[in-house]
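Got your viewer open and your selection tool ready? Let's walk through this one stop at a time.

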Number of protein chains: 2
Amino acid sequence: MKNTQVILARRPVGVPAASHFEIRETAVADLTDGQLLIRVSHWSVDPAMRGWANDVPNYSPPVALGDPMRSFAVGEVIASRHPDYAEGEVVEGLLGWQTHVITDGSDIGRKVTETDLPRSYALGIMGLNGTTAYFGLLESCAAKAGDTVVVSTAAGAVGSAVGQVAKVIGCRTVGIAGGPEKTRACLETFGYDAAIDYKAEDVAGAISAACPDGVDCYFDNTCGPISDAVMTRLAQGARITICGTAAITEWDPLPVGPRVHRQLLVARARMQGFLIFDYKDRLHEAHAALAGWLRDGKITVREHILDGPEAAPGAIGMLYRGENTGKLIVKVG
Amino acid sequence: MKNTQVILARRPVGVPAASHFEIRETAVADLTDGQLLIRVSHWSVDPAMRGWANDVPNYSPPVALGDPMRSFAVGEVIASRHPDYAEGEVVEGLLGWQTHVITDGSDIGRKVTETDLPRSYALGIMGLNGTTAYFGLLESCAAKAGDTVVVSTAAGAVGSAVGQVAKVIGCRTVGIAGGPEKTRACLETFGYDAAIDYKAEDVAGAISAACPDGVDCYFDNTCGPISDAVMTRLAQGARITICGTAAITEWDPLPVGPRVHRQLLVARARMQGFLIFDYKDRLHEAHAALAGWLRDGKITVREHILDGPEAAPGAIGMLYRGENTGKLIVKVG
């Protein structure tokens, strides 16, 4: 049995390109006691992979050259000598860009039990993106019915989930996205009450028009000029969740921007950094809620599925150029 | 009976100087039903008075020209035709810079019942400064035993209370102040574990030395370069309370500074604006706790008391030039 891997062959500086990866085939070894074999069906492509491929301090050490690219992936257990896993079970975890994984289970995040839903959802709405949206919005942003919720990268994998969860709980939702196609998706696919095209509109003015009582919650994936504009329109007691920093490519030295202190003071607002890893013991809450909303048709998912391992090397670049039309996934089985 | 008032005679731009005020004497009118007469003994001098005197949008409308300067003050009821107030009671409130006040009670913040303590404390440690320290530290900063708490303007009326309350509840305290005299007061009078002279030291380096495990709580009264330095030393889960913005003199247009977003994200920290007015229904909690600590000698207060109404006009300038050596008060009776 062959294992097809996409390995990090050269160290990128910045966004990894196809030229930094190579495809390699290796033999799948025999299982020993305590191990299981997973046949992987889908690889995830996430913004965090840029950081993992670069040799810079981050939440995790960089991927070693010659190793399969670190990524979330989902697959089926096809053989097991591990007491906790049985053949036929579906598992999700940091399995990397490879078609077959032998593991002692330490790479596995969870068993995917919502097998009535598309399996790829385990990497997006039922994975990092959806759980980030769920806890980021409900806990960090403390959104509640009646709040006006503004979301940046509103049509993205996280943003579109934030907007829809906010709508489910009774918020008014305003999405900020780039270009007519994404703003149309905000309105028509993800049910935002208003959508702002930051490439074509004055964001502060558009926020004023869309949020006459100010912004109660701002779920931010950008941290650049879009955020600076939203910060001028805070309601009293506003909550700002910093989830991603897509608009800033370089943090050393620290870039400068308008000081937020007085805006926070006058609005008695709070700005808070959010990382889903802090909620690892509560993920089941998000999984249960999200699966229910998906089954009830209250949340719509857009995926952009690439076909086969050879599509993976260029995928991170696609993501950073905004060329994907939904959660970016590579189907490999 | 004569009422001596310090009125705002000319509109300042920026910090009010002595030349913006005039002293005026008026006759005290007779009481009508529902009114009481207060003989004021102490006027407060607070940073907020700069904003009140200027014609700019703020939490409250500007003081009208010709009116007594708005300020907190404390005094004794010397006559009452009001059912809720009796002769001999001590009251504190926004009574303004005048020696006698006839009021229907709407200007009164509270009755001062801790008459065993110096009456002037009602304007500082038992007033805005102490209650701000109490709720800002315990609620907004959510400080708890074992936390490392950093305070800017650490020897000031608010800062010195923050540092001492933090110490009472079992925190390690680090004060930042300007000059050898204030840093010595931090260590010798207010019991900080460490003190940093921002005029003489590299603040980021000094914070690293004083806070080897990072900063859990930062109580900020400055919002300028000192804060920028503290923000580089956050512990995981840090809480930053924005209480004042003493280092920034002009907010329109917004000044620029290092972006805080990634620091908040990496540390999963939160930065929050604090205003004591949001706790007006819970002030009694702070009053009870602070009075207890004062009686037990766990909190030390430094006051800088000026004598007589003629000292008031120059007092706001003194405060902004940092010439006071404790909570600045004008004694008028």
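Select A:Q272 and you will find B:R270, in β14(B), standing opposite. Bear in mind as you look that this is a predicted model. Now widen the selection to strand β14 of chain A, residues 270-273: three bridges link this strand to β14(B), and the two run antiparallel.

Next, show the open sheet of 12 strands around that pair. Its order is β10(A)-β9(A)-β8(A)-β11(A)-β12(A)-β14(A)-β14(B)-β12(B)-β11(B)-β8(B)-β9(B)-β10(B), and the pairing is mixed. Which strands stand at the edges? Pick β10 (194-197) in chain A and β10 (194-197) in chain B: each has a single partner strand, so one side of each is left without a neighbour in the sheet. From one strand to the next, the twist averages 15°.

For a stop inside chain B, select β8 (148-152) and β11 (215-220), which run parallel and are joined by three bridges. Here B:V150 stands opposite B:Y218.

Then colour the contacts between the chains: 26 residues of chain B touch 26 residues of chain A. On the chain B side, β13 (256-258), α7 (261-267) and β14 (270-273) each supply at least two residues. The most come from α7(B), with six. That side divides into 16 nonpolar, five polar and five charged residues.

Finish with chain A by domain: domain 1 covers 2-124 + 301-331, and domain 2 covers 128-276. Their C-alpha centres are 29 Å apart. Seven residues of domain 1 are in contact with nine of domain 2, and the domain 1 side comprises two nonpolar, two polar and three charged residues.

Technical notes: Residues are numbered from 1 along each chain as its sequence is written. Chains are lettered from A and ligands numbered from 1 in the order in which they are written. This is a predicted model: local features need pLDDT of at least 70, side-chain atom pairs count only at pLDDT 80 or more; totals for chains, interfaces and linings use all residues. Two strands pair if DSSP finds at least two bridges between them. Helices (H or I, at least four residues) and strands (E, at least two) are DSSP runs, numbered from the N terminus. Axes are lines fitted to C-alpha atoms, for helices over the stretch in contact, and angles run from 0 to 180 degrees between N-to-C directions. Domain bounds come from an automatic or database domain assignment. Two residues are in contact if their C-beta atoms, placed from the backbone, lie within 7 Å. Ala, Val, Leu, Ile, Met, Phe, Trp, Tyr, Cys and Pro count as nonpolar, Asp, Glu, Lys and Arg as charged, and the others, Gly among them, as polar.
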